[in-house]
Amino acid sequence: MPLYLSRFSYTPETWARLIGHPEDRANAARAYIESVGGKLHGFWYAFGTHDGYNLWEAPDNVSMAAVALAISGGGALSSFETTVLLSVEETLDALRRAEQIQYRAPGE
């Protein structure tokens with residue numbers, strides 16, 4: 001199954017709610033991804049541009065998109081970005097296939 005890395009940030013209101021009622025949001029994230037047949041591999045909070053990161057596994061892009069849309073539509077986040085991760089083997093396959101593409105730079 002494909003892996004996905006998500007970066008998220010909470011709204012100030014969400015932080016205020018969590019301060020008043022601390023909660024392990026990894027459990028919620030796990031339930032969301034498992035509802036589409038996936039798995040949560042990690043949930044971390046961070047200092048910096050984003051408040052947290054998730055590493056997910058989902059059956060396909062549509063399943064992950066459904067989870068991302070549901071979370072984004074919930075209103076608790078100010079940002080939610082997801083990146084599809086490629087394995088080394090998939091990247092090597094892409095590199096081999098790229099050699100077959102007849103790319104032409106603009107203006108050439």
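**Figure 1. Overall fold of the predicted model.** The secondary structure of the chain consists of 4 helices and 4 strands, and the model shown is a predicted one. Read from the N terminus, these elements follow the order β-α-α-β-β-α-β-α. The radius of gyration is 18 Å, well over the 13 Å given by the globule rule for 108 residues, so the chain is more spread out than a compact globule. The C-alpha trace spans about 60 × 35 × 25 Å along its principal axes. Of the contacts with a separation of 6 or more, 63% join residues 24 or more positions apart.

**Figure 2. Surface and charge of the chain.** The chain exposes about 7,400 Å², and carbon and sulfur atoms supply 59% of that area. Buried residues account for 29% of the 108 residues. Charged side chains comprise 8 positive and 13 negative ones. The centres of these two sets lie 1 Å apart.

**Figure 3. The largest nonpolar core.** This core has 17 residues, and those with the most contacts inside it are Ile33, Leu40, Phe43, Trp56, Met64 and Phe80. Two or more residues each are given to the core by strand E1 (3–10), helix H2 (25–34), strand E2 (39–45), helix H3 (61–72) and strand E4 (77–85). The largest share, 4 residues, comes from H3. In soluble globular proteins, nonpolar side chains tend to be buried together.

**Figure 4. Surroundings of Met64.** Met64 is among the residues with the most contacts inside the largest nonpolar core. Once its neighbours within four places in sequence are set aside, Met64 is in contact with Tyr4, Ser6, Ile33, Trp56, Ala58 and Thr82. Of these partners, Ile33 and Trp56 are likewise listed among the core residues with the most contacts.

Figure 5. Leu3 has its place in strand E1. With a relative accessible area of 32%, Leu3 is partly exposed, because this value falls between the 20% limit for buried residues and the 50% limit for exposed ones. Its contacts, leaving aside neighbours within four places in sequence, are with His41, Trp56, Glu57, Thr83, Val84 and Leu85. Leu3 and Leu55 are 52 residues apart along the chain, and their C-alpha atoms are separated by 7.1 Å.

How values were computed: Residues numbered from 1 in each chain as written. Predicted model: local features only at pLDDT ≥ 70, side-chain atom pairs only at ≥ 80, totals over all residues. Heavy atoms only, no water. Rg over C-alpha atoms; globule rule 2.2 N^0.38 Å. Buried < 20%, exposed > 50% of the residue type's maximum accessible area, 1.4 Å probe, protein only. Contact = heavy atoms within 4.5 Å. Areas by Shrake-Rupley, 256 points an atom, 1.4 Å probe, with all protein chains shown as cover. Lys, Arg positive; Asp, Glu negative; His and termini not counted. Charge placed at Lys NZ, Arg CZ, Asp CG, Glu CD. Core = buried A, V, L, I, M, F, W, Y, C linked by side-chain atoms within 4.5 Å.
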